[in-house]
Amino acid sequence: MAPEDQELLDRINEYADQVLKDFDPQKTRVSFQLEKLKPIMEEIAQEKGATVEEIFIKYMDLASQVTVSRETKFQNTIGNMTKYGDVHDAF
C-alpha cells in the first residue's frame, strides 16, 4: 500500500475510533456510521481537491484490501497449523 493511501486509511480509522467508540458496528446501521465519518472525509476531500464520494470510494477500497490481507494471513496460518499438525495445540 502506498504511504499516502496508508495515511488516508489511518486518518479515517483514527477519526472513526473517536466518533464511533460508543457504538457497536454490528448493531449500528452503516448509513449512521458513514454520516459520522462524513466530516473527516469532507476535510480530506477539500485538502486533496477531490469529492467526498471519491474519498469514500478510496477508503472503502483500502479497507477492503486490508481485510483481504488479514484474511489471507489468517488462512495461511491455519493452513500451516493443519499441515504440520499443530492445529489442535492452537485450540
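User: In what order do the elements run from the N terminus on?

Analyst: They go α-α-α-α, and there are four helices and zero strands in the chain. Helices are DSSP runs of H or I with at least four residues, strands are E runs of at least two, and both are numbered from the N terminus. Bear in mind this is a predicted model: local features need pLDDT of at least 70, side-chain atom pairs count only at pLDDT 80 or more, and totals for chains, interfaces and linings use all residues. Residues are numbered from 1 along each chain as its sequence is written, and side-chain values use heavy atoms, with hydrogens and water left out.

User: OK, what about H2, where is the kink?

Analyst: At Lys38, shortly before the proline Pro39, and the kink is about 45°. That bend is the angle between axes fitted to the seven residues ending there and the seven starting there.

User: Which residues of H2 are buried?

Analyst: Gln33, Leu37, Ile40, Met41, Ile44 and Ala45. Buried means under 20% relative accessible area, with a 1.4 Å probe and protein chains only.

User: And what comes just after H2?

Analyst: Gly49, with a positive phi of about 65°.

User: Switching topic, what is Leu8 in contact with?

Analyst: Leaving aside neighbours within four places in sequence, Leu8 is in contact with Ile44, Lys48, Ile55, Lys58, Tyr59 and Leu62. Contact means heavy atoms within 4.5 Å.

User: How much of the chain is buried?

Analyst: Buried residues make up 20% of the 91 residues.

Notes. Buried < 20%, exposed > 50% of the residue type's maximum accessible area, 1.4 Å probe, protein only.
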